[in-house]
Structure formats: C-alpha cells, structure tokens
Amino acid sequence: MHKAKIFCAVPCCAAILTASACGKTEAPQTTAEPQTSVQPVKTSAPAQSGEVPSAAVTDVEGTSEEESTQPVEIHLEDGLNSTDVAQVLAFYKLAAAKNDTNKYTKKLTLVSIDGGEGRIGSLVSYFEPIAQTAVKNNSVTNDPLPGDYKNIRPSDWQSATAVSDGTYTTITVKVVPQTDGADGKLLEGSVGRSMSVLDGIPTAVAAMPGVSADFENGKVELEYLNPTIQVKINNRTGEFVQGGCKWYYRVHPTLYTLDGKVLGMKVHLKNATGYVDYTVTY
C-alpha cells in the first residue's frame, strides 16, 4: 500500500484543533471485505501495459433463486452510460487502477472555528492563525490517489451516474456520509474507502509540540459531510482527464468535552466545533 499523507481537520479550538496538520503515515494493509450489495462486482486481473481492463458485474436483479445470473461486462474502452451503482463502481475501479500512480493535489480550507463554551471560546481569535497555518501546510501537490478504491463497496455510495459521449465518460458519485470518533481510521468507512479520512486524532495531537489532550475521557466526533466524487475518464486509454477530477467533503469536528494543554495552559473544551473543506483534484 502506498504511503498516504493524512490530514486532521479539527479546528474547533485552533489550539487542540491544530491537529488539522498531520504528517505522513503508512496506510494500513487492508483486505477486501465481503460485498454487501446484491450486485457484487468482480474485477478482472490487472491489465498488461497498454491494455484496457474490463470487469464483470453480476446482475441478479429480477431473477429467481433457480435462475443463473448473467454477468454484465464492463470495458473502459466502451465507455459507460448507467445509474447502476455496481456498474459505475466497477468502471471507476478499472479506471482507478490505471491512475493509481498519478500525483493529486490536496487542498484544505478552514471555513470556520467556534471555540464553544467557557473561557477558551473567547480565545479562538488568538489561536486561529495557528490553525490557518496548519491547514495551509497540509495542502500538498503530490498526494496519492485518495481512498482505497479496491475495497469500495456498492453500499458505500448513495448514488452514482456515468455518462459517456463516446470519447469520455464522466462519473458523478454521492458517497454515504460518515461519522467517526477520535480513533477513526484512514481507509475505513464509506468515506474512508472512497477518498480517505483522518487517521486518528490522538496520534496527530501527540506529534504536536506543546499540545496534549485527554481523548480517553473526552468525547469527540467528526462528521464527513456531502462527500462527492467526480471524475472524467478517457475511454480509449482509461486515463483520468486532468482538470476533470475532484474528490470533496466538508469535515465537521465537534469536541463535546475535552481537557488538554496548549503551550502549558490548561484548557477545557466544551462544544467546540468548526468546519474544514477537503478537496483533492487532478
């Protein structure tokens, strides 16, 4: 598994929430889990150089237990016009395999910070520049393909549409939103598999000089809102079209209650929250 730069978008109290700047981490090795959809996707073996791979999607809708299922062949070179999630996912996986070594641009944008209740809430304006810098420093131009495309499940996507004009196929996906606690994992959950999420807030905070937090006794929640994918694919080559690909969500962290220290100063965060936009483009 390639290395992935993780991010932490936790600008609730820009002090602790500067966990929004994270370093590199080795993405965990994952194994494919059983498909939960009634339309499992079977991808073919990796194509040789210069070949356009294909996938078989088993279409069982409308068949009885006695009837055999008929595979629907998916070929990149044919393009795809479909609103069937399993078919669109199969097409996406084939294209992602062809573009796994590309370099992608990740941008984090701090939207807002609310320090919550108590004294620390009034100090947010002091810490906000720290969060702004952290977010800026974690925006990079050589990130790997977001998510873990091999293990995305049809149930991870609310809807998916593929439209081909004969030369290009444009895929638009609405991913199922995801909510994690402090120990969320990089490539787990519907959003994690589709485009990556925060790989554990405690680890990120522990790596920050002068900052600590008691996550064991606190309550932290991160919501990944409006996760969407849009990619444009060259049917002939299977390559992503530069300028036509985007992975996006808005992360909404909430620190319901959390004790910590920032530069030696004890802080108690209560209902601190914020928003950060996560965008990957190619």
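**Notes on the predicted model**

1. The largest nonpolar core comprises 57 residues, and those with the most contacts inside it are Tyr92, Trp157, Ile171, Ile229, Val231, Phe240 and Trp247. Such a core is a set of buried (under 20% relative accessible area, 1.4 Å probe, protein chains only) Ala, Val, Leu, Ile, Met, Phe, Trp, Tyr and Cys residues joined through side-chain atoms within 4.5 Å. Helix H1 (residues 85-98) gives the most to this core, namely 10 residues; helices are DSSP runs of H or I with at least four residues, strands runs of E with at least two, both numbered from the N terminus.

2. This is a predicted model, in which local features need pLDDT of at least 70 and side-chain atom pairs count only at pLDDT 80 or more, while totals for chains, interfaces and linings use all residues. Residues are numbered from 1 along each chain as its sequence is written, and side-chain values use heavy atoms, without hydrogens and water.

3. Beyond its neighbours within four places in sequence, Phe240 is in contact (heavy atoms within 4.5 Å) with residues including Ala95, Ala96, Leu145, Val231, Trp247 and Tyr282.

4. Strand S6 (residues 104-114) pairs antiparallel with S14 (residues 265-281) over nine bridges; pairing requires at least two DSSP bridges between the strands. Leu108 has Tyr278 as its bridge partner in S14. Two bridges join S6 to S7 (residues 140-143), also antiparallel, and Lys106 is partnered there by Val140.

5. Val111 lies in S6. The C-alpha atoms of Val111 and Tyr275 are 5.3 Å apart, although 164 residues separate them along the chain.

Methods: Buried < 20%, exposed > 50% of the residue type's maximum accessible area, 1.4 Å probe, protein only.
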